[in-house]
Amino acid sequence: MTATGYSTLEAELKHWKNTERPAIIRAIQEARSHGDLSENAEYHAAKERQGFIEARVAELEDKLGRAQVIEIDKLSGDTVKFGATVTLADENDKELRYQIVGEFEAEPRDGRISISSPIARALIGKTVGDEIEVDAPGGARGYEILKVEFV
């Protein structure tokens, strides 16, 4: 994953641990003070939320523990690889710009596509001027690579 993606996951983990965990502990304590736990919907909702929080914390710790961070600004070259920002022209000469990132940090609306997406897989190993064809839900689409950058 990119250093930016790693930082984003770290910030999210910090939020869950330092904000959400203490808040849910307080909510459980307050719900317990209301008496009979067997019929206390507030208590059961808080416990369910606690389970969600703990699962998310475990998931983020696992992702961060296994992450391999790639320093994009230290990469260079003309070949599309992980971390590259690629400018494409579609069949109607409309320009598109995508950065190839790890699957956990992909956000297609913001121009960040997962390394495992069909378009990224088609781009890997190609250079400026190459044409690719990608099978999309609406049918095959063609693109030409206009620029490869590492920013």
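Modeller: The expected span of a helix is 1.5 Å times one less than its number of residues. Keep that in mind for this predicted model.

Biologist: How far does helix α1 reach from its first C-alpha to its last?

Modeller: Helix α1 covers residues 3-32, which is 30 residues. At 1.5 Å a residue, 44 Å is expected. The reach in the model is close to that, at 42 Å.

Biologist: Where does α1 bend?

Modeller: The bend is about 35°. A proline, P22, follows within four residues of the bend. The residue at the bend is E20.

Biologist: Which helix do the buried residues of α1 pack against?

Modeller: The buried residues of α1 include G5, L9, L13 and W16. Further along, E20, I24, I28 and A31 are buried too. An α-helix has 3.6 residues a turn, so residues three or four places apart point the same way. The partner of the buried α1 residues is α2 (41-66).

Biologist: Which element gives the most to the largest nonpolar core?

Modeller: That core has 20 residues, and V80, V86, L88, I119 and L123 have the most contacts inside it. At least two residues each come from β1 (85-90), β2 (95-101), α3, β4 (131-136) and β5 (139-149). The top contributor, with 4 residues, is α3.

Biologist: How many residues are in the second, separate core?

Modeller: Its members include M1 and A46.

Biologist: Is I119 buried or exposed?

Modeller: I119 sits in helix α3, residues 118-123. Outside its sequence neighbours up to four places away, I119 touches L88, Y98, I113, I132, V134 and Y143. Buried means under 20% relative accessible area. I119 has 12% relative accessibility, so I119 is buried.

Biologist: What separates the C-alpha atoms of I119 and D135?

Modeller: Along the chain, I119 and D135 are 16 residues apart.

Biologist: How far apart in space are D78 and V101?

Modeller: In sequence, D78 and V101 are 23 residues apart. C-alpha to C-alpha, the distance is 17 Å.

Terms used
Residues numbered from 1 in each chain as written. Predicted model: local features only at pLDDT ≥ 70, side-chain atom pairs only at ≥ 80, totals over all residues. Heavy atoms only, no water. Buried < 20%, exposed > 50% of the residue type's maximum accessible area, 1.4 Å probe, protein only. Contact = heavy atoms within 4.5 Å. Bend = angle between axes of the 7 residues up to and from the residue. Core = buried A, V, L, I, M, F, W, Y, C linked by side-chain atoms within 4.5 Å.
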